[in-house]
Amino acid sequence: MQISTTSVPPSSQPFWAPALETQNRAAWQQLQFSLLKTHLQHAYANSPYYRASFDAAGVHPDQLQSLDDIRRFPFINKKILRERQMAVPPLGDIVAVPERDIVYIAASSGSTGVPTASPFTAQDFENWMDFEARLFWSSGLRPEDRYCHSLNFSLFVGGPCVLGAQKLGALSIHAGTVPSERLLQILRQFQATAIWTTPSYAWYLGETAQKEGIDLHKDLAVRRIFVAGEPGGSIPETRARLEALWNARIYDYYGLSDIFGACAGMCEERHGLHWAEDHILVEVLNPDGEPVAEGERGELVLTTLKKAARPLIRFRTGDIVSFTTEPCRCGRTSARMLGVHGRLDDMLIIKGVNIFPSDVEEVARKDRDLTGEYRLVVERDRHLDILTVEIERRHGFNGTDEELAARFTRQLKSVTGVTAKVVVLPPNTLPRATHKAKRVEDRRGKVWT
Ligand SMILES: [Zn+2]
């Protein structure tokens, strides 16, 4: 693995790749069109799966006349990735290069079935690290920083992202996943200025530090926290509370093992996550497969533009997002995702209204008389879904639970349109998460399967 730092810009320069990052939308589209055309041709010529799938759909890369023509091509999803991998082991026939050209694989955590491998050629890997460096740079990381990476080098795609920080020139501390007490010791000893974790772990780590008598503002030097894996990093209330706890700025990142460790992330303005639009074509679609308007919610569908080892054409992520193409105050012109509102799988429909756990989080984190922890319990009573939201009153709160419940019910109704039964619990009653928090308890049985 060659990590060169020869092309690192001066720290005062706001952009990693100025010409690319600030080009106008027309130039972005032109670049994407030319990359997409080549990529589709590569997929059709070299991947047995895509040749069969395009032929079956009656489409050919030569028919691509504009970016919108991507909608003529068939979708792919996690289930197909898994099936093709099992049909043609070990990597599947979606792969579009000889195995000798593959140098690295990541694999999904496997929480929802057989892990699927995400292969990279040497050039794919280099492209990925260049983007990670560009992303870290846009979030203010510089060669003067000490970056602590508390993710392991394993099959998990988050591991190698530390090499992006290293490429950028930051002093990189490969801490790996270690017990919280040990991690706090490392952060303190080396006075790390930046870390990467999930929002719930950042919260847990901060609370652990306080219990250990560590002053997060004085004893540690962490001023930037990159978070991924949960919606919290884009929920302003969650971010505000984490920032107050740590005296650090929170930057939300988004990635998925089937593409990159992070393929979108927040710049210093922290209003939305800039997409790696020279690597990925983004579609946001309604349930009929039509594009939604800017600011509206739809399913995120991604197409790789350069990843040679295994092209993903119209990959349905199952994530519900919204986006904007308005130029950002930072000067970057790439489209921004305005956060992940939830997973299609997490979406609850209560009396005909869609609601995501992240909607509830927004309300729970805003009320300063609550701890911010919450849980949703969904039950079914004679064909009617009933939502109960459990929240915790803050330690030292002097009012009544009835008053808290009434206020929460009102606020939740105004944010989501849903009326829920609200139960107020004493502080520290709900389980604390050390990784991804489980916020929904579905007691409806197998009614949806
Ligand atoms: Zn920006």
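**View 1. Eleven strands side by side.** Here 11 strands make an open sheet with mixed pairing, in the order S4-S3-S5-S6-S7-S8-S9-S13-S12-S11-S10. Strands here are DSSP E runs of at least two residues, helices are H or I runs of at least four, and both are numbered from the N terminus; two strands pair if DSSP finds at least two bridges between them. At the edges sit strand S4 (171-174) and strand S10 (280-285), each pairing on one side only. This is a predicted model, where local features need pLDDT of at least 70, side-chain atom pairs count only at pLDDT 80 or more, and totals for chains, interfaces and linings use all residues. Residues are numbered from 1 along each chain as its sequence is written.

**View 2. Strands S6 and S7 up close.** S6 (residues 224-227) and S7 (residues 249-256) pair in the parallel sense over 4 bridges. Look for Ile-225, which stands opposite Ile-250 in S7.

**View 3. What Tyr-254 touches.** Leaving out residues up to four places away in sequence, Tyr-254 touches Ala-228, Ala-262, Cys-263, Ala-264, Gly-265, Leu-273, Met-337 and Val-340. Being in contact means that the C-beta atoms of two residues, placed from the backbone, lie within 7 Å.

View 4. Domain 1 covers 1-343 and domain 2 covers 348-442, with bounds from an automatic or database domain assignment. Their centres, taken over C-alpha atoms, are 30 Å apart, and 14 residues of domain 1 are in contact with 14 residues of domain 2.
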